[in-house]
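This report describes a structure for a reader who has not seen it before. The sequence and the model come first, and the description follows.

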Amino acid sequence: MKYPSAFEVLTHSPGTMIGVTLVAVHVMVTLFAPVLIPFEETKIVGPVLSSPGSVENWLGTDNIGRDYLSRLLMGGRTSIFVAMVSITFAVLIASLVGISAAYVGGIYDDVVMRIVDTKLAIPGILFIALIVTGFGRSIPALTAAIALSYLPGAIRIIRSQALTIIPLGFVETAKLRGDSLPRIIWKELVPNCQEIIAVEFALRMSSSILTVSALSFLGLGISPPTPDWGLMIAEGVKNIHTHTWLILLPAAFISTLVIGLNLASDGLANALGLDAARGIN
Amino acid sequence: MLWILIRRLTLSLLILFLAAVFVFLATEVLPGDALDVFLTADDLAVMDEEEIEEMRRDFGLDRPAWVRFWDWFSGVLVGNLGKTFIHEVPISEIIWHPLINSVLLGVVITVITLPVAILIGILTGYRRGYREDIIVSNASIVGYSIPDFVIGTCLIIVFAVWMPLFPAVIIAFSDSPPGELLAVSLLPALTVIIGHIAHQSRLLRAGFIETMNSEFVERVRLSGIPEGRVIFRHALPASVIPTLNSFAMYTAGVLSGLVVVEKVFGYPGLGRELIEAVSRREVHVVQAITFLSATVVIVMNLLADLAVIILDPRVRSLKS
């Protein structure tokens, strides 16, 4: 297979280009939000629930009088941060465990797969709710819970990819050459799984942003006063009959971010000749 | 074939046991015991050591972890899920009605999702690469990208605020008759169906394309069978049956979705009960609901496995 250049990946199809653009805009906004915002996002600056369009508060204020635009722009930072840290850990560990389980086989593989099966039997949000119940509602607990929750699925996918590579000649050659186990895994297997690892990272990233915001919406994730889109929607429901924009704006932000990520990762998967339409839960 | 069945059954039981161990570890062993989780800092401020120790003895939490685990697990196996901290109500009593209500909603969702997803999967798979496939495929990415709670809240805004056709909050009790609940389950069901159809149809599309390119479809075609029959009689079963393997993931997805959507609409199901239990720190209720959900997923997976073994001659001959 000809290896696609980064440019070819980014411009794979109109859908991919839309996705990449959306993600780029979100990344810029998220990175520069602290200098863009007119007010501190947790400070009460005006009357409660003022309408958008005023000179001071462009998008009005929320239900306790904080500047809505500032909260909106800052609202992705925490969930994106949690998602990035947890997915980086999950995919890194999953790569090592999945590939080594495929290569070593035997009891180690069996034990790993039974643990994976056990996690996959517990639905994602319930799994995290359980850990949040046990360890309390904090950012570290949330990050760990999400990493744990995404680990098994990633192990399964990466392991099955590794299983297709292990019978190939160059792995056998390395073994006969007398290469050590870590060296075979690191030098022969990991590089040949990197495409699936990249797609896995992209897909699970978008999925975990969905999960973090859903958890915040449910009151299990990020806690107030930190601004978060999921949390803002949950707060907006109280005034759903009169102030629908307090719901629709964060809804648009979270949706465009995840749509962008998924369109982009679908393009990435297609450009690498993989199928993104596998089960992610 | 009998051996496959026995193997699958043993594995399912093992996983059920491991799930129980995990549920117990995460709530009652690693963070301390159930009482450590239940009592807040405020509670601890007004209680002295002796009172806490007495409570601990009352709930039998002074025994070693493995004794408590066995006590809990053996109770769960016979349907005794334990009691709540507040008022000591049997948990099976609390979650019985919500469970039925959630099953009802889950069935409504599945009955609508699967046929529509299969149809869209075939359609886009058959017209692979054409304009309609590209449009539907991108639309389905959008469909599963929008969070459930956003879809749900937007449906409320459209159908309850802008066009007052439905009440914004469901007024139904957990022991309302099924007919009444069915009537209010429309918007909650619709909310999760969008994402599930988008996801399942993409899985089916991939399977269908693979089947249509296989030799046996080519052979069926060459023997002069009309295209419609090739698709529905030959290619469809061959591509749908293998996707039954992902049925466990689908079930888990529905259960996760239910938690969110029941909260959005105030539907009196297991998910809403779970969220309330988490905020009240009722460890045993959270344990019971999580373990029950895992059991549902494991049983559904087992049933799907059996269905594949019975329906798919390839699996039957390959493994026996």
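Chain B contains 16 helices and zero strands. Helices (H or I, at least four residues) and strands (E, at least two) are DSSP runs, numbered from the N terminus. The structure is a predicted model, in which local features need pLDDT of at least 70 and side-chain atom pairs count only at pLDDT 80 or more, while totals for chains, interfaces and linings use all residues. Residues are numbered from 1 along each chain as its sequence is written, and chains are lettered from A and ligands numbered from 1 in the order in which they are written.

Chain A has 11 helices and zero strands. The C-alpha atoms of chain A fill a box of roughly 75 × 45 × 30 Å along the principal axes.

The table below uses two terms. A residue is buried if 20 or more other C-beta atoms lie within 10 Å of its own, exposed if 12 or fewer, and partly exposed in between, with C-beta atoms placed from the backbone. Two residues are in contact if their C-beta atoms, placed from the backbone, lie within 7 Å.

| Chain B | 320 residues | 40% | 75% |

The two chains meet: 52 residues of chain B are in contact with 44 residues of chain A. On the side of chain B that touches chain A, at least two residues each come from α1 (2-29), α7 (131-145), α8 (148-162), α10, α13 (247-265), α14 (270-280) and α15 (283-311) of chain B. The most is given by α13(B), with nine residues. By class, this side of chain B has 37 nonpolar, 10 polar and five charged residues. Here Ala, Val, Leu, Ile, Met, Phe, Trp, Tyr, Cys and Pro count as nonpolar, Asp, Glu, Lys and Arg as charged, and the others, Gly among them, as polar.

A nonpolar core is a set of buried Ala, Val, Leu, Ile, Met, Phe, Trp, Tyr and Cys residues joined through C-beta atoms within 7 Å. The largest such core has 153 residues, and those with the most contacts inside it are Ile128(A), Ala129(A), Ile158(A), Ala19(B) and Leu274(B). Helix α9 (residues 181-218) of chain A gives the most to this core, with 18 residues. Leaving aside residues up to four places away in sequence, Ala19(B) touches Thr118(A), Ala121(A), Ile122(A), Phe291(B) and Ala294(B).

Helix α12 (residues 227-243) of chain B has 17 residues and reaches 23 Å from its first C-alpha to its last. This is close to the 24 Å expected at 1.5 Å a residue, the expected span being 1.5 Å times one less than the number of residues. A kink of about 45° lies at Ala235(B), shortly before Pro237(B); the bend at a residue is the angle between axes fitted to the seven residues ending there and the seven starting there. Ala235(B), Ser239(B) and Thr243(B) are the buried residues of α12(B), and their cover includes α10 (186-212) and α11 (215-222) of chain B.

Ala206(B) is in helix α10 of chain B. Ala206(B) counts as partly exposed because 18 other C-beta atoms lie within 10 Å. The C-alpha atoms of Ala206(B) and Leu18(B), 188 residues apart along the chain, are separated by 33 Å. Ala65(B) lies in helix α5 (residues 65-77) of chain B and is partly exposed, with 14 C-beta neighbours inside 10 Å. Ala65(B) and Glu28(B) are 37 residues apart along the chain, and their C-alpha atoms are separated by 7.9 Å.
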